[in-house]
2 protein chains.
Amino acid sequence: MSDSPNDAPQPMTIIELAKELGMSRSTVSRAFHEHAVINRETREKILKRANELGFQPNPLARGLITKSTRIVGLVVSDITNPFYPEVMTKLTERLQAEGFHVMLVVANATRSEEEAVRVLLSYRTDIVVMLATTLSSAGAAACRAAGTPVLFFNRYSTEGQSHAVTCDNELGGRVVADCLIDLGHRRLGFIAGKPDASTNVDRRNGFLTRCRERGIDVVAESNGVTFSYEAGGIGARQLLSRPDRPTALFCANDILAVAAVDVAQREFGLKVPDDVSVVGFDDIGIASWPSHALTTVRQPIPTMIDLTADLTLALARGTAREPAIIRLPGTLIERSTTKGPRS
Amino acid sequence: MSDSPNDAPQPMTIIELAKELGMSRSTVSRAFHEHAVINRETREKILKRANELGFQPNPLARGLITKSTRIVGLVVSDITNPFYPEVMTKLTERLQAEGFHVMLVVANATRSEEEAVRVLLSYRTDIVVMLATTLSSAGAAACRAAGTPVLFFNRYSTEGQSHAVTCDNELGGRVVADCLIDLGHRRLGFIAGKPDASTNVDRRNGFLTRCRERGIDVVAESNGVTFSYEAGGIGARQLLSRPDRPTALFCANDILAVAAVDVAQREFGLKVPDDVSVVGFDDIGIASWPSHALTTVRQPIPTMIDLTADLTLALARGTAREPAIIRLPGTLIERSTTKGPRS
DNA sequence: CTGAAAGCGCTTACAG
DNA sequence: CTGAAAGCGCTTACAG
């Protein structure tokens, strides 16, 4: 048997530290609070000794009484997209630096987003931030009922009652439409990702709307399933085997786009971009690799993360303003998978 | 101002629920504990009402008294490797299913692994599991001092006092050496990743040792920095520009290998595998994409995750056996980047 | 500026 | 099988 929770040495408590210092535990406690009234020297003495003895206030006990756990709940679901890990870690780093910590919970088929939120709520997290899950808002509703603020990343709530920071996906879709049409393309295709993901929905909407506005309505669509490489291949096969084959494909994200390029070249013997142009979305690291050189829309990830961290902190501290959806524009990055059509 | 922590509706407490039911809070409390002695019907009645009212025992209060928070600390650092996200989410899912939850903390330049562990310790997590960080063991030492069990994933402690589950990286390196030598290669190269990562160290050792055993000592090495695509390119340039250019490259992971292939083809005009063979390690999703078709060593990720979850649970519950390092063999997957040398 | 005391929401011997 | 009471490690009015 290795160490069990029972035979573990008990960490020092504030009582012991107080005894050590010959002070009351009230005084010692105050030393750990920025705004508490306490003599300068007393505080210093306490902090010094605490440090020597390795004492750290127990955040559980503190949270019990202050009703603030300084923990932020992070719910995550589909993370096939390589930029979520980056978001998770960067966001966590920022929050850590401010003395907050994150409890991670993943929603999936067996544990719904709502259940995921429920455990977070039971832990009394100060706030929950949701990373791009589906559009369902049961989780958000549960938070609202509990009075816990919610923040959406890369998605927004349908009710618009919550804060959100996201790339302007609709605008991104429009920009891609303009790019392709300006290049001379007239038969366009859209390869869908997860159908109910707001990223998918908005990118598609922007794209289709703009096409219509410019008088192009020959737009073929694939049935979306997920954002995976396999799904991209399936979508590409659907569109490329049509008699009126599109000359340009807009894919709901980069992974799908890479798969589409592979299928076009290997299965249909098409040259990219000569026979068919392909555009992705996100600008993940892979997109810039010479072997892919994908034209795509870059999300302003660093800015998005910063804003998310700022908002999270404000919300957790109760100093946030009215709920708002912050939409940041993406940037079209033209690489080697786009070009005018043959003819 | 939106909801602040202060104006939030207070969640129901056990006292209120007890009052509701006309019972003592002791009895109500017992209903929530598997092994507590309590009348069957009483328990059912309590659980039913609790469910109706949405009552959930406050885990903070519970943790304060039981000394068991049911939270597992997860420390993560370099996550450029695409399989870490998978590990994080899958592991979290398993733990969730068993009623445990994970607190995520990231170690980096500004927050050392030891500091990261310290915050976990302050939250009294039942266990901390470390995802492939560097070899430093300051964090593990801090845990041991606090009596908190530690589990390493894809790395092991130099002192061998902790549990660990990892791919047999050394064996993997040997297997690659055998494969390449059997193919007829005699001038080999190793492209290093993060120098002090145990994955890097072990893969290299296995590779070099096996080469030496088989009488091949013409092995060139690049200076490693990280496991990134850029680093792979730099390493490849180092090795491929040597006068005695290696005919086969073993890269410490798949990302490096993809970069090496790109550099070989684009910058040196070499054909892969005709002019130079390239082998990676991990078998990340990208490796199997037709556009890369990388020969690599597949880590048994699902098994590794399952074992890690089992061990984590056992450790958290204090039912684990003696510390042991579990090393799982990988599988060589031969795809299109390996072949015998020209000559 | 400091201390004694009450209390946060639970669990668990101890009686009954 | 159930209840009254003590206590987990803190914070924070309230006095002094």
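In which sense do strand β6 (residues 188–191) of chain A and strand β8 (residues 248–251) of chain A pair, and over how many bridges? The two strands pair in the parallel sense over 4 bridges; strands count as paired if DSSP finds at least two bridges between them, while helices (H or I, at least four residues) and strands (E, at least two) are DSSP runs numbered from the N terminus. Within this pair, Gly189(A) has Leu249(A) of β8(A) as its bridge partner.

The model is predicted: local features need pLDDT of at least 70 and side-chain atom pairs count only at pLDDT 80 or more, whereas totals for chains, interfaces and linings use all residues. Residues are numbered from 1 along each chain as its sequence is written, with chains lettered from A and ligands numbered from 1 in the order in which they are written.

Both strands belong to an open sheet of 4 strands in chain A, ordered β7-β6-β8-β9 with parallel pairing. Its edge strands, each pairing on one side only, are β7 (219–221) and β9 (277–279) of chain A. On average, neighbouring strands are turned by 20° against each other, direction ignored. Helix α9 (residues 198–213) of chain A lies across β6, β7 and β8 of chain A and runs at about 170° to β6(A). Axes here are lines fitted to C-alpha atoms, for helices over the stretch in contact, and angles run from 0 to 180 degrees between N-to-C directions. Contact requires C-beta atoms, placed from the backbone, to lie within 7 Å.

Turning to the two chains, 57 residues from chain A and 57 residues from chain B make up the contact. Elements of chain B that each supply at least two residues to its side include α5 (83–97) and β2 (101–106). Strand β2 (residues 101–106) of chain A pairs with β2(B) in the antiparallel sense over 3 bridges, and Leu104(A) has Val102(B) as its bridge partner there.
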